[in-house]
Each structure stands twice: as C-alpha cells, then as structure tokens.
Amino acid sequence: MKKDTIGEPLNRVDGRLKVTGGAKYSGEYKFPNLTYAVLVPTTITNGTVTAVDIRAAKYAPGVLAVITPFNAPKVPGYQPDAKKPVKGLKLFNDNQIHFNGQPIALVVADTFERATYAASLVKATYQAQPFETNFHKNFDSGVTPDGGKYKDYVRGEADAYKNAPVKIEQEYIQPSEMHNPMELHVTTAYWEGDDHVTVYTKSQGVMSSQRAVAAAFDLEPTNVQINSRFVGGAFGSSLRTWPHEIAAVQAARLVKRPVKLTLTREQMFTLVGYRPLTIQKIGLGATADGKLVGITHESHSQTAVYEEFTEGAVNVSRFLYQSPNANTRYKVVPLNIGVPAPMRGPGESTGAYALESAMDELSYALNLDPIELRLRNYTDADQERNLPWSSKYLKECYQLGADRIGWSNRAQKPGTVKDGDWLVGYGIGCGAFGAYRGHAEAKIKLMADGSVNIQSATTDIGPGTNTAMIVIAADTLGLPAEKITFDLGNSSLPPAPTQGGSSTVSSVGSAVHDVCVALKQKLYILQGKPQDSTDDIDYAGVLKQQNLPYLEVTKGSQSGDNAKNYSMYSFSAHFAKVYVHPLTGVVKIKNLIAVVDAGKIVNHKTAASQMKGGAVGGIGMAMTEEAIIDDRFGRYVNGNFADYHVPVNADIPQIEAIFIDKADPIINPVGTKGIGEISLIGVAPAIANAVYNATGIRVRDLPITPDKLI
Amino acid sequence: MNQFQYNKANESLSAVKLAAKDPNAHFLAGGTNLIDLMKMGVVIPSKLIDINHLPFSKIEKMPHALRVGALVTNSDVAENDLIKSHFPLLSLAINAGASPQLRNMATVGGNLMQRTRCPYFFDTTMPCNKRSPGSGCGALEGINRMHAIFGASEQCIAVNPSDMNVAMRALDAVVHVSGPKGERAIPIADFHRLPGNHPELDNTLQKGELITAVDLPYTPFTKNVYYLKVRDRSSYAFALTSAAVALYIENGTIKEARLAMGGVAHKPWRLTIAEEFLKGKAVSEDHFKQASQIAMQGAKAYQYNQFKLKLAPNTLVQSLKMASGIASS
C-alpha cells in the first residue's frame, strides 16, 4: 500500500550543510589564480563622465585591469546591431550617468584589499546635469507604462465609489524597500577559450542567467554554464542578470583569469533593485449595509529614467472583492535612481496594503466588524476575468485566523482595550497572488541499488526546494525520502523556470511528479504489465531482473488547456495582535497568525518556515524598512544595516502558519498553489489595522515608527 | 582602506608620547567604531596605537567611587556585580546599546569617544562640518530625523549616539586621562562638548591624551532607576530619544533626582532644572509631566525631527514612571 508522503514534515535535506557551513554559496568557490573585482560608483546623479583618471589605480600594487567607459572591451549584446540586445543599463558601454552609485569603473587586482584600495584611487571628471530623485515633486510626470497589462482597467463605471452612500477616499504610501538578503551579491566567472564561460552567481534562475550571459557575449547558451547551488536569500533581487554580473564576466575575459565581484552592502542599495516607493489612492464606496458599489485604485510608482519597471500594484483591487464597479490606474514616475525589481509579494503586497487598509477604514465608517465586511463582499468567481476560481477557501481562512488570534476579544471602538499602560489592538489583512505553472523538465535516474537521483535546473533561494521535490518524488514513487537525491542550481540540468512568483513547486514539482510517473510506467512495461498499473515496485529488483545497470527518463511538464478556463490564486488572511504604548509610540507585535489557502502543502515543516519568513518580511515592511534619499544629492542616507532597519529577532513575535491544505483540482497534478508571496502579502495591513484598532491612529505611510503614534 | 602604521603600546606613557607626536594618530581599543570609520574613509589615520594591552581592564573599589578601567568592555561593565548593585542605571543603559557582539568588543573609553551616526558625517561625498570643517552641515536642511533638539549650532546638529554616556552624565562620572602634560580628571559634564563653531571637536581631550579610567562616585541611586530608550526597532538601533532617570525616594517623596537624555544633543543632556523641580515633590505622574515640560525649555526642532519635541518629554515621563514604580507594565 502506498503511504502518503506529501504534507509530512520532512527536515530540510540540506539543513545540516547549511547550519554547519558546509553549504557553499557563490562567493565561496576557490579557483587557482582567482582575482578580485571592485566597482567604483559615481557620486553624481545625472550627466556624463567626461574622463576617468586611472593612472594611480593602474599602477597600484597587484592591479591587473581597470575598466572604464573609455576603455571597456565591447559587450556584443550592448551594441545596436546585437542579435539579442540586452535590456537595461549597459554598464561601461557609454559615458552616460543615470543615477548616483552607478559604477564608472571596475578594478581587478590579485587580492580584494588591493582592488578596494586601487578603486579608491580612481578619479573621475563629470559634466553634471540637473537631476530628479524626488518622487513627490515629480508625481505629476507619471506615465502609463507601455503594454496592455498596465493600461487603465474599468469594470462597470469608473470612480463609482464617489456616489455611494458610504465612502472612503485615502492615500497610502509604501516607501522604497530594499531586498537586503543577508548574502551579498557575488559573481565569479572564468573563461575557457574565447567561447566558453562558467559563472558562479547568486541567481534565482540559472537558465535565465544562462540566456542573459549568452546574449551579452553572443555565445551559444550551451557554452555558458551557470551555477547557483545555494542562495542566501534573494527575495526577487536575483530574478535578473544585473549589469555588474555582465561586467564581472567581461573582466574575466579581459584578464584571462577567474574574477570574483562582490557587491558591498552599500552597493546593494543601488545596483540590485528594490520595492519602489509607491503612492496609492483608494476610493471605496458602499451601501449602508456594507455592500461595495465601487472600488477605485490608483497607483504611482518610482521607476528609472533608463528602464521602465512595472508591477501589479493595483491588480488585487480588481478581483479580491465583489463589486459591480471597479477601476484601476497605474503610472510610473521615471527618476534618476536605479531600476526597481520585484520584491517578495511584488506589487500585490504594496496594493494589498492600500486596499486592505481602506477596507478597514470602511469597516469603521460602517461600524461593521472588518471580517463581516469582507464576508459581505465575498466573491465566488473572478469578476475581472469572468472565470470561476480553480479553488478558493478564503472564508475558511477568516474563520480559522479569527479563532486563533482571539478576535472575540477585539473591541470595535479603537483605543478601548488595555493591558496595563499598553493599548491592545487586533487587525486583519488579506491578500491574493496568482498561482502559476510554467514549463519545466526533470530527469530521473534509477540506480542499481534502488536509489534515485532527480535533476532539474531550478534553484533554491531558501524555501527548501530540493526537500519539497524529494517529498513529491517519494510520494509518487512510494520510496522513502532517504533513497532520493535531487540536484538543482546548474544550467546544464534539464531546463526549469526561474524561482519566482511562488511557482516552483507548481512547475518543477509537476515535472518531478510526471517524471516519476514516467519511470514507473517504463518499469511496468519492462515487466510486461500495463503502464498504468498500481502495484508496488521493487525498484532495484526490476533493474536486476532486466539486467540494467541503471534506467534514465526525462520528462517535460506543463499545464493543459483546462487551466485557461479557471482563475487561479493563492489566498491569505493575516491576523495581528499588537500592543502600543501611548506615551512612546512603541509597538510590540504580540502575535501573528497567517492562514493560507495555497492548495496542497507538500512539506508542512518547510512551508511553515517559509510562511514565517514572509511574515518577518511583512513586519519589516510594516514597521521598520524605508530607504531614504536626500534629494539634494540623489544619495541614500541610510544605505547600511545600521541605519536601514530590517527587523531584529526581538521584533518578531510568535508567528503561526495555518494551512487550509486542500488540493487545487485544476492547477497541477499535486494540487499546489504556492506560498512564497502570499506569506507576505497582507501582513503589513494586518499590523497597520491592528495599530489603528489599538490607538485610533491610522498610519497611511509605512513604516509605522514610534514618532507616528504619539 | 588606506595604509597606516600599526603600533602596539606596552605602556601608557609611550602610547601618549607617540600620539602627541603625530597629529593623525589614533588610539585603537575595541575598534567597533574606528574601524568602520576607516573603511568608510571618514577617518584616515596615519598611525594606529593599539592600547589593548595596557593595564586598564579592572573595575576597582575606591573610597569615594568605583573606578572602571578604560579598557573594560561594555559587556563586562553591564554584567559586573558592583556595577549592578551600585550603579544599576549604568548597566541598564549599556545593555540598551548596540548588540551583544558589539558590547563584547566595545570599551568604556571607546564608548566615551564614539562618533556621531549622522549620515552626512559618514558619507564622504556629502557636506559635514564635523568631518570636513567648512564644508557645511548636510543635516541642517537635510534628512534630520535623528538629530538634535538641544544645544545645536548652525554648524552642526548631530547627536552623541551613546547610551552609556547618558547614564554616566546622570551619575556625574569623572573621566581620568593621561597626557603629555600629565594626568587630569575631567567631570563628564565637561568631557563632551556642544558643536558651536567647532563641531569637529566632540570632546575636550587635548592632543595625545588617553582615557585611562572612569570614576563613578557612589550615590544613593541604587533602586529607583530606569533607562528608557525609544527606537525604531527593539535592538541594534540608535535612540530617537532616551532618558536616564535616577531617583532617591523616601516615603513617596523624591529627595533627589538625576535626569539625563540621549538622542537629543551633541552631548549627553543633563536636565538640572527639572531635577531641582522634582526635589521634595511627591511621586506622581503630574509632577513627572511638569518636570518633563521644564526639561524641554529651549528645545528647537528641524524639518524631520519635530516629533522629538513630544517624544522627548514623553520618554522622560515614562522613564520617571518606571523608575518610581508607578507605571503599570
């Protein structure tokens, strides 16, 4: 009888490696003749670099090369006639400066210290131009992004909320927030000949990194090998190949030795993206009994002058609640800043902060319990796309979370529940994130001893991907997890999508499932049985019987047409209980409950860890994180870990993750919908709403620092 | 990092002599602040004089004071039994600062010498009169949320970032130094200075002078003390405002009070008029509120730190409530 392994709490298979320092991250690979690259950032914010004096740097001890816009070897993909032109900043390809911190030189030396010292000797001359970094001042120059995805959306009548009996119209500000993974971005590259390069880099997608490097250097993708076996957090900052990674590969080609480029923490604030500063206006209109009649959601976000960045900041307002009328507008404001990047719960978490805060405000305007308001506007189908949900258990999420947080202890009137001097408040914030499935391939190899190895070119940025894949394989094959190994993080493995958008288990997990099924079918056929047999398989025995040393199967996997007939989302309801000190404005989050409808949960242990990690990110978004630019200089004033506040352990309460754990019947064979993003989306408004419930103070500009509550 | 000469000092006289000769020499103790500043290019010493082997690592009982060697680490001070019994306020304040790892390295002398965390001081591309006299004050019309509300000048509105210093100011600590002209004792009130026209000078040390110890005169403040630090996160963050409170209470009456604040000035800020006000008053929230309003006389805020005009007195009230035992946790 087959035992269900799916859902069983399995320890991370690489947990021991990680906690003992045995896991090797991109910066930890050693190569003979390794050299070190250090970037020289510009100190102006717009204009041109007219000259770079590299004489002192070039003759400093140990220096092998100094690359500047005036001597850089051409990157083929940066040229106008490129076969596959590279998007975004073309580092060292021209002398234009678009933002403060943009590198104007790269120094390669035989040690990191020597490269760092030589970099300090590089002197640039500039022709500075006026610049704009002030988002608020340039708000009106926002443009609607290219492409249909971001054009204005109208269902029914636009701005219908304005004529409703009860209405809320408010602005919410999400500041720039940095991904700031603990591991710095590191790239090590070495060339063999002029047409083959190997790169160790912090990447969420080894296949997309391979395509990017191949395009930049006009190489056959198979001649580019990308390795990213362990990633110390990324949160979206490694979804793309950044210009400095290309520069490291370019430098390695020039010096004909392996080159390692490690960004400094300060450079992590300018060169690898961030959640953009976004101002959102929400209009909600309802009948006196709390039925929504109109939702309007307008969003303005930062982007760079040299590249347009967009994200789904308004999307959630189109489908999360039942409303005959809904409209969204989305604009981006180009500024002299580095380009943003998707950051965990991208767009949707920004949007959910605004929508869920506004829903909370509406509940008080109606004098209605916030959960009751959500129930009255519950939607059983996706009104945006006019499709049924593939699965949705958000109602159950409300109920479970309310019970667990002790919602019955909440008072509808703010500022009325106290514990000693502290004000006590409860809040709810909900979210949704698309459940995606991409094409992925996996290869399985059955060995003579009955063990199996599975390979796929996915990555693991922290959720425990290989552990989840082993769970799926163990469940499908009916083998114990110890018999299975899983390889990832190398572009020479069977192709898989980038780890992002909460889609890895859905995409790669399906490929693993399907390749395991394919192996079983092959083994049944070898035994002369029908391929859809269900007998237990003696894996080693069949190989021995067939006199096979091993057996290999490769299989691709993607959704069928049925997926087009459904709207697929993961849903969440987050609950917060907070204490606020009325004199000092200090907030203590006492409890966070995350209830998630993410389909079938493959491994409860790693999934709960992922939920907690997302909640910590949500606490940072709500309470502490804000990257601040001094617009007179165009420079961040808190570009370091002392002044840019990620939450510390002492800020983190007991966090509990509760899973609905019901398989989605449509999305994929395992029934998983994804939790990476939904773990964060809705956390910030839950906390902000709890703070309001405690104090009667509505904070509409994150983070909620003590000064805003006194 | 630029090249520098490293010297290990084996006795204080030679360390002092070495420092006096070289205008760009720096003493190195725990290094938790200086090394950061060197990496940022904010401080570019020609010479580091490593004083870690000098015999300043003891806490000694003297007749009128407890003497804390300049090289005792912050952790060792905070956890010392004599400190905890005689000067619990100091222990509380030190434990509110930095992180355990930093406190394990940072020394008493180094903490007294800690430079401001003003971002314009740290970023060598921006103006800062403290780092580069005459270049202007970046914070005055810049991002000044963390900055001073007392005693600032047009030249500099930075604050002293230390928690330890605030408690020491309340406790009337005395800083012992050894210099080319011999030894002297500097009351902590005169050790740190206001920026005035010379914000490049944090303190009144003369060239070559080395801190050897800090004396903590015995006080009756062993029970009703509190250090409250309001900050943007629960640990490893500098104070928005902090308040060191030491009360001597008899039968519900305040016989003596010592009050100092952090995060509000270029030096740890003592509130003597408010102390006088509380003397002889009954313990009550009303009196604490009145004292806090008195303490705020002369406060001046800038664009982004207006909130401190309210948060500072609130912090003081709450710290007084905690110290006197009338706050309900």
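**Notebook: A:S323 and the build of chain B**

I looked up A:S323 and found it buried, because its relative accessibility is 0% and buried means under 20% relative accessible area, with exposed over 50% and partly exposed in between (1.4 Å probe, protein chains only). The model is a predicted one, in which local features need pLDDT of at least 70 and side-chain atom pairs count only at pLDDT 80 or more, while totals for chains, interfaces and linings use all residues. Residues are numbered from 1 along each chain as its sequence is written, chains are lettered from A and ligands numbered from 1 in the order in which they are written, and side-chain values use heavy atoms, without hydrogens and water.

I then placed A:S323 in the loop between β14 (292–304) and β15 (326–335) of chain A, where strands are DSSP runs (E, at least two residues), as helices are (H or I, at least four), numbered from the N terminus. Leaving aside residues up to four places away in sequence, I noted that A:S323 touches A:R155, A:L292, A:V293, A:G294, A:I295 and A:Q383, a contact being heavy atoms within 4.5 Å. From A:S323 to A:T310, 13 residues apart along the chain, I read a C-alpha separation of 25 Å.

Of the contacts in chain B between residues at least 6 apart in sequence, 64% join residues at least 24 apart. I also recorded that the C-alpha trace of chain B spans about 60 × 50 × 35 Å along its principal axes.
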